[in-house]
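Here is a short briefing on a two-chain model. Please keep the sequence and the 3D view open as you read.

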Amino acid sequence: MADREWSTVDVEDIAALTAVYGGNPARWPADRRAAAVRALAMDGAAHELVVNEARLDALLSMVAEPEISAARVDSVVAGALARLDAVTAPAAAKAAPHKLDTFLPSPFDLVRTALSWLSVRAPQAGWLAGATVAGILVGVMTMPSATLSGAETTTAQAGTAVETAQADVTDMPSLLFTSYTVETHAR
Amino acid sequence: MDESVQPQPRVGTASASAAAPYAGNPAGTLMGLGPEPGDDALLARIAQGDRQAFALLAARHAPKAMKLAQRVLGNAADADEVVQEAMLRVWTGAKNWIPDGRARFSTWLHRVVVNLCVDRRRRPAFAGLDGIPEPPDPTPSAVNVMARQQTAKLVSQALAELPERQRLAVTLCYYEERSAADAAQILSLSVSAVESLLARARRALRARLSGVVQDTGEV
């Protein structure tokens, strides 16, 4: 509709124009308006088309225009101003680049995320994983100290240390952790 | 008409009171920019974090944006929230605004408002007080007024039943008096697509409102 010269228009053009824009010439595109108005003055059928579409326009115009009071505008603007601090200020965003560590999750966050994911996807697996983590933590905190001493001892002394460590370890978490420590000392 | 430099009706009061707390200057003026700074100048100041420039720009464009949002949403409270959200996007996005003369700020803002309205309409509806019709005036002298209100209600209903994009095209071109080219920019469509939406909307409205013909003689 927009890819031609509009020096003259006929009734079909008027029909197409009013079917889109209605009967109010003020709404017609500027490139077609002058020629269309000229055609209206000379063509009764075109005039009838416009009058017919203008009736629908009149109905549409009966819908009340929303009232926008100054108080409402004030309220919206004031509300937006009050919320500016909550959003990133343009100048501040340029001046102070974000620190990388702000966006890195802590180990606690990772554990919490994993547990929450498990509890959502498989509630029983979530409980089991939680209990396992708690057990390991308790084991670490109560780990025997025998393996931590005697780093510079001779081979014979190291053998003694191994025996001592193995004798002291009675729970599963400690066994898991002390065997590596004992081998390190044994070397 | 260049809206970017035209003061909006009834905005003067709003602008004055909204911007006043941030002004060291008389309301409506901004240091170094004269009494009526253009949108591009204000956006440049906003990009530097100037709240007074933000208040002026928001007060200038809020009324039309609110009217558009209320027409699309049919609800004043939701419309206000949407426009407030759109204004916050102006604040955060001002640094990306390129004043090359091709794009008008009001067109960009209305695009944001329309998109936010569409998002909001897709949420589950909450029947607020705005949805409750006002009780009819019982006085006999109000018969004509009531008939007119009834017709207006039917038209509103017919508009509300249009497919979303047709309703947006009608709102922009018939009620907001936007050109098809402007509406095309706001809706991210071609001009011919907007014209097609308008033609289909008119056909649908004519069909839905055919019952009104006998009562009012309008169609």
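Residues are numbered from 1 along each chain as its sequence is written, chains are lettered from A and ligands numbered from 1 in the order in which they are written, and side-chain values use heavy atoms, leaving out hydrogens and water.

**Confidence in chain A**

- Chain A has a mean pLDDT of 69 (pLDDT is the predictor's confidence in each residue, from 0 to 100).
- In chain A, 49% of residues reach 70 or more.
- Helices (H or I, at least four residues) and strands (E, at least two) are DSSP runs, numbered from the N terminus.
- Residues 95-104 of chain A have pLDDT below 50, and beyond near neighbours in sequence this stretch has one contact in the model (contact means heavy atoms within 4.5 Å).
- Residues 178-187 of chain A are also below 50, but this stretch has 16 contacts beyond near neighbours in sequence.
- Where pLDDT is low, the predicted coordinates should not be read in detail.

**Chain B on its own**

- Chain B has 10 helices and zero strands.
- Of the 219 residues in chain B, 46% are buried (under 20% relative accessible area, with a 1.4 Å probe and protein chains only).
- Take the contacts in chain B between residues at least 6 apart in sequence: 64% of them join residues at least 24 apart.

**Where the chains meet**

- Chain B gives 55 residues to the contact, and chain A gives 43.
- About 4500 Å² is buried between the chains, and carbon and sulfur atoms give 64% of that area. Buried area is the accessible area (1.4 Å probe) that two parts lose on being put together, summed over both.
- The rule finds nine salt bridges across the interface (a side-chain nitrogen of Lys or Arg within 4 Å of a carboxyl oxygen of Asp or Glu).
- B:Arg51 and A:Asp85 meet through their side chains in a salt bridge, at 2.3 Å from N to O.
- On the side of chain B that touches chain A, H3(B) gives the largest share, 11 residues.

How values were computed
Predicted model: local features only at pLDDT ≥ 70, side-chain atom pairs only at ≥ 80, totals over all residues. Buried < 20%, exposed > 50% of the residue type's maximum accessible area, 1.4 Å probe, protein only.
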